[in-house]
Amino acid sequence: MESVMIVSNSDKGIELFSDILNSASVNQITAVHSCGEARRLILERDFDLVIINAPLRDESGENLSRYIASMGVSQVILVVRSEFFEAVSAVCENDGVLTISRPVNRSVFWSALSLARSVRSRLKKAQEENARLKQKIEDIRITDRAKCILISYMNMSEQEAHRYIEKQAMDMRCTKREIAEGILRTYES
């Protein structure tokens with residue numbers, strides 16, 4: 001994990017989590033004291049992990065944790081009082097928020113931190129795969145549009161248009177998408 005935001009009312013809480021994170025080799029730690037500050041900061045940049053030490057000045061922290069988790073970018077650890085743990089955990093777990101009861105046991109926090117790291121890693125791989133697949137779909141969409149143009153303007157069959165784009169890509173040593181984009185520029189202008 002590279003960047004972590006700690007949201008806590010108390011400086012003591014910020015200090016506790018900062019110490020634990022420093023011993024876990026996390027260097028980029030940002031601390032804020034309210035949900036409002038955290039919401040503004042999360043819009044400006046991404047964090048690998050957000051630790052929320054609830055309750056906060058302006059809200060309980062539950063809504064903030066669910067909001068950040070729903071954005072799908074950061075892992076969230078919500079620390080709540082032990083008497084509220086069951087209720088808050090039941091609500092937040094479905095959104096992917098890890099909930100820990102206070103007082104914080106260091107070994108439990110280490111386990112949650114380790115779990116957050118592994119989930120973050122899996123999520124990042126899934127996001128990369130998603131981006132790759134979206135790119136592939138976009139490539140196919142552009143290539144299909146170019147084929148339709150070749151069919152319309154050059155009276156080619158679908159197979160001939162496909163073969164033409166493939167052959168041009170091989171001959172010019174570029175991608176089928178680049179050839180398709182060239183066809184689109186030529187005939188759609």
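Is Arg39 buried, exposed or partly exposed? At 27% relative accessibility, Arg39 comes out as partly exposed (buried is under 20% relative accessible area, exposed is over 50%, and partly exposed is in between, using a 1.4 Å probe and protein chains only). This is a predicted model, where local features need pLDDT of at least 70, side-chain atom pairs count only at pLDDT 80 or more, and totals for chains, interfaces and linings use all residues. Residues are numbered from 1 along each chain as its sequence is written, and side-chain values use heavy atoms, leaving out hydrogens and water.

**Salt bridges overall**
- Side chains of opposite charge can pair when their charged atoms come close.
- The whole structure has 11 salt bridges (a side-chain nitrogen of Lys or Arg within 4 Å of a carboxyl oxygen of Asp or Glu).

**Links between distant parts of the chain**
- Arg39 pairs up with Glu59 in a salt bridge, at 3.3 Å from N to O.
- These two sit 20 residues apart, with Arg39 in helix H2 and Glu59 in the loop between strand S3 and helix H3 (helices, H or I, at least four residues, and strands, E, at least two, are DSSP runs numbered from the N terminus).
- Glu59 is partly exposed too, at 22%.
- Asp95 and Arg66 form another salt bridge, with their closest N and O atoms 2.6 Å apart.
- Here the gap is 29 residues: Asp95 is in the loop between helix H4 and strand S5, while Arg66 is in helix H3.

- Asp144 and Lys147 meet in a salt bridge at 3.6 Å, N to O.
- Both are in helix H5, three residues apart, or about one turn.
- Asp144 is partly exposed at 35%, but Lys147 is buried at 9%.
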